[in-house]
Amino acid sequence: MAISYQHENHLFTIQTEHSTYQMKVDDFGFLLHLYYGAKITGNMDYLLTYYDRGFSGNPYDTGGEKTYSLDVLPQEYPAMGVGDYRNSALVIRNSDESEYCDLRYVSHKIENGKYALKGLPAVYASDEESQTLEILLEDSVSKVQVKLLYGVLEKEDIITRSAIISNCGNERIIVEKAASSCLDFVTGDYDLLSFWGRHTMERNLQRREIEHGNYVIGSRRGASSHQYNPAVIIADKNTTESYGKCYGLVFVYSGNFMFEAEKDQYDQTRLIMGLHNDLFNYPLEKGETLVIPETILGFSERGFTGLSMKFHRCIREHICRGKYQYQTRPVLINSWEAAYFDFTGETICNLAKNAADLGIDMVVMDDGWFGKRDDDNSGLGDWQVNEQKLGCTLGEMIEKINGFGVKFGIWIEPEMVSEDSDLYREHSDWALRIPSRKPVLARNQLVLDFSREDVRNYIFDSICGVLDQGNIEYIKWDMNRSLSDIYSMENSQGKVMYDYVLGVYDFLEKLLQRYPDILIEGCSGGGGRFDAGMMYYTPQIWCSDNTDALDRIRIQYGTSFLYPISAIASHVSAVPNHQTGRSASLHTRGIVAMEGIFGYELNPEKLTNEEREEIKEQIIQYKKNAELIQKGNYYRLSNPCKDPYVAWAFITENGDRALLNVVILENHSNMAVNYVKLKGLKPDALYEDAGSGKKYYGSALMEAGIPMPLEKKEYPAYQIELILVGNEPDDCLRRGFD
Ligand code: GLA
């Protein structure tokens with residue numbers, strides 16, 4: 001049993017394979033947090049200390065006990081108004097306008113299996129793999145109830161948290177802020193690792209100390225955003241890739257979020273992950289509830305690599321779903337960087353013909369195939385195939401493509417409408433906009449009010465009308481602007497941001513149900529909605545609109561800290577690169593794109609014969625290793641922002657095969673040799689480099705490393721397959737090891 005309750009002490013203990021989480025209900029009914037970290041036994045309530053602290057008030061029912069203050073005690077779900085002046089997980093505005101919620105324990109339940117969340121993505125697991133703890137808290141005056149949910153995947157070292165807020169009183173309340181998790185640490189100095197970015201340069205790693213005060217990241221853009229990813233790591237100051245303690249918090253949500261890290265007056269640290277409180281005032285009438293998206297919590301004692309592996313596995317196996325969850329994904333060629341808007345049906349068929357010749361599985365027709373859409377200023381919302389542009393029907397084109405032995409995929413952007421579109425001319429009230437004002441334009445498009453079911457239904461029907469025209473096996477679901485002008489003609493304004501995201505999820509769920517065999521790839525100007533929420537529907541996401549290999553190294557490095565490689569879509573594009581103007585070799589571009597779900601984004605007609613041959617080889621090499629890349633254990637072996645080279649490896653679970661990848665980032669005359677050290681091999685086993693035939697012990701590869709060649713080239717890259725050829729040290733003698 002991962003979850004236990006000790007009645008005499010009102011103590012809840014969650015044990016996973018390598019971590020413990022503990023909390024208790026105290027004499028006043030408050031749910032106090034006691035511990036989260038490496039596995040321990042015993043009652044940790046001795047950690048609670050009680051002193052008379054100036055200016056820290058005391059709940060009335062403590063009888064004026066000056067040593068008891070919620071301002072100091074660690075809590076599971078602190079609410080605004082009751083004398084805790086730190087950040088709150090919950091802010092409720094009551095019908096009398098007071099911002100106050102005094103939550104006390106009512107009851108709890110422990111069950112096998114993992115809870116699900118209505119309308120929201122969440123970690124799933126079988127009854128054998130998981131347990132759920134439900135703790136009910138209530139404000140006895142307002143009758144606001146909060147159900148705290150804890151899902152435990154013992155073997156995975158994963159604990160999830162969510163909260164369901166119910167208005168059980170008679171009066172309307174407004175939820176002004178709501179989080180799904182709060183972690184209070186009574187002691188410790190921590191670093192925060194967060195992932196910031198911008199369009200075409202997402203998820204740069206930043207490490208900073210959590211100091212006194214409040215550090216906040218989040219999104220008000222309606223999507224999780226390019227700017228700050230809804231996932232963070234908290235680490236001891238000396239934690240590295242391989243050593244030290246760290247915690248991960250991954251928000252399973254694709255809209256506005258807020259993460260707060262606060263070090264208080266007594267050096268205690270509070271972390272809160274939840275919905276952003278700006279543009280959010282969620283009214284709950286009598287009997288209504290609000291479900292807060294969950295946070296996945298993970299803990300590792302073995303550095304960031306250990307933490308990454310736990311999250312990779314959790315997201316890969318307990319968030320991603322469907323036919324393609326484990327299936328090797330098709331290698332695709334996308335028309336975007338090959339032709340942008342300038343294509344006909346013949347262009348797409350030519351891509352497919354080339355694909356067949358090169359060994360590529362699928363051709364994807366990107367933006368530009370519908371309505372009046374020859375640039376990005378018009379047409380969104382008019383989901384009718386432009387047969388004039390294609391020169392044939394979609395069905396005919398797909399048949400031709402399939403005839404070459406190539407699959408077909410298509411791009412859509414269902415949430416958007418162009419001002420210049422028939423849809424907008426007919427239904428301008430379907431877009432998010434304030435009636436008395438001119439809307440903010442971005443890429444000359446507006447956002448449809450997906451909080452409205454009628455709007456979603458219309459778009460759903462028109463998209464299905466396209467998908468039903470032929471054998472479509474893949475969809476790229478894009479979203480190319482941030483939300484603004486938050487105003488709905490039908491919905492309550494404070495609900496729009498949240499209901500919009502649930503509308504997107506609802507749409508995606510319906511699409512998956514109707515087309516279970518279609519692979520959906522997420523996208524938002526590349527990686528603007530790269531989050532665990534989307535991964536529940538789209539097992540892979542276009543990682544960035546930046547396809548430059550050197551920039552991608554950094555983007556994929558940051559992404560890999562919490563998201564699995566199986567979710568990262570990565571393509572080889574033409575040089576000079578369209579985003580940076582840089583020219584890395586085809587070999588280097590190939591190796592970098594193999595740190596993800598592989599594909600191409602270029603016009604094959606412009607390739608030389610030599611390049612075509614190289615691409616054929618790349619695809620053979622990728623397909624040979626696709627399963628290892630998608631499911632193997634992933635190791636970061638250097639930091640590309642600091643080290644002169646970047647290296648990463650994929651290693652099978654049993655350590656019998658490894659794929660080492662290296663790109664030399666710095667090139668100087670007469671420079672020092674880079675020795676790349678592996679991780680995760682069997683120390684006593686003998687490995688053979690499949691390319692050179694050289695043999696090394698696992699221990700040697702991990703402790704001393706392999707010297708990389710010095711070459712007079714820009715960004716040379718190496719991919720080395722290491723195959724276990726002997727398990728015992730003696731094997732090498734028998735085999736004549738030299
Ligand atoms: C976004 C995507 C690109 C491409 C364009 C099409 O920017 O990230 O890959 O699909 O839209 O407009």
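Across which strands does helix α10 lie? In this predicted model, helix α10, spanning residues 549–560, lies across β11 and β12 and runs at about 55° to β12. Both of these strands belong to an open sheet of nine strands, in which the order is β6-β7-β8-β9-β19-β15-β14-β11-β12 and the pairing is antiparallel. The edges of the sheet are formed by β6 (104–112) and β12 (201–209), each of which pairs on one side only. Averaged over the sheet and with direction ignored, neighbouring strands are turned by 20° against each other.

Within this sheet, strand β9 (residues 158–167) and strand β19 (residues 289–300) run antiparallel and are joined by eight bridges, and Ser166 has Thr289 of β19 as its bridge partner. A further helix, α1 (residues 303–318), lies across β8 (144–153), β9, β11 (190–198), β12, β14 (231–236), β15 (246–251) and β19, and its direction makes an angle of about 140° with β19.

Strand β21 (residues 362–365) is joined to β22 by four bridges, and the two run parallel; here Val363 stands opposite Phe408 of β22. Strand β25 (residues 474–477) likewise runs parallel to β22 and is connected to it by four bridges, with Trp411 standing opposite Lys476 of β25. In the loop between α5 (394–403) and β22 lies Phe404, which counts as partly exposed because its relative accessibility is 27%. When neighbours within four places in sequence are left aside, Phe404 is in contact with Cys349, Ala352, Lys353 and Ala356. The C-alpha atom of Phe404 is separated by 8.8 Å from that of Ala355, a residue 49 positions away along the chain.

Salt bridges in the model number 52. In general terms, side chains of opposite charge can pair when their charged atoms come close. One of these salt bridges brings together the side chains of Asp84 and Arg86, with an N to O distance of 3.0 Å. Asp84 is buried, its relative accessible area being 4%, and Arg86 is buried as well, with a value of 8%. The pair forms part of a network of salt bridges that links Asp84, Arg86, Asp184, Asp264 and Arg270.

A second salt bridge connects Glu134 with Lys109, the closest N and O atoms lying 3.8 Å apart. This pair links distant parts of the chain, given that Glu134 is in strand β7 (residues 130–138) and Lys109 in strand β6, 25 residues apart. The two partners fall into separate accessibility classes: Glu134, at 17% relative accessibility, counts as buried, whereas Lys109, at 41%, counts as partly exposed. In the salt bridge between Glu415 and Arg529, the closest N and O atoms are 2.8 Å apart. Because Glu415 lies in the loop between β22 and β23 (416–418) and Arg529 in the loop between β26 (519–522) and α9 (532–535), the pair ties together parts that are 114 residues apart in sequence. Glu415 and Arg529 are both buried.

Several features of backbone geometry occur in loops. Val575 and Pro576 are joined by a cis peptide bond with omega of about -5°, and Pro576 is placed in the loop between β28 (568–573) and α11 (586–593). Asn444, a residue other than glycine, has a positive phi near 55° and lies in the loop between α6 (422–426) and β24 (445–447); at 33% relative accessibility, Asn444 counts as partly exposed. A positive phi, near 50°, is also found for Tyr715, which is located in the loop between β36 (706–707) and β37 (717–726). Tyr715 counts as buried, as its relative accessibility is 16%.

On the surface, Val673, Tyr675 and Leu710 form a nonpolar patch whose accessible area is about 280 Å² together. Of these residues, Tyr675 is found in strand β33 (residues 675–676) and counts as partly exposed, with a relative accessibility of 46%.

Definitions and conventions: Residues numbered from 1 in each chain as written. Predicted model: local features only at pLDDT ≥ 70, side-chain atom pairs only at ≥ 80, totals over all residues. Heavy atoms only, no water. Patch = residues over 30% accessible without salt bridge, like charges linked within 9 Å, V, L, I, M, F, W, Y side chains within 5 Å. Areas by Shrake-Rupley, 256 points an atom, 1.4 Å probe, with all protein chains shown as cover. Salt bridge = Lys/Arg side-chain N within 4 Å of Asp/Glu carboxyl O. Buried < 20%, exposed > 50% of the residue type's maximum accessible area, 1.4 Å probe, protein only. Pairing = 2+ DSSP bridges. Axes fitted to C-alpha atoms, helices over the stretch in contact; angles between N-to-C directions. Contact = heavy atoms within 4.5 Å.
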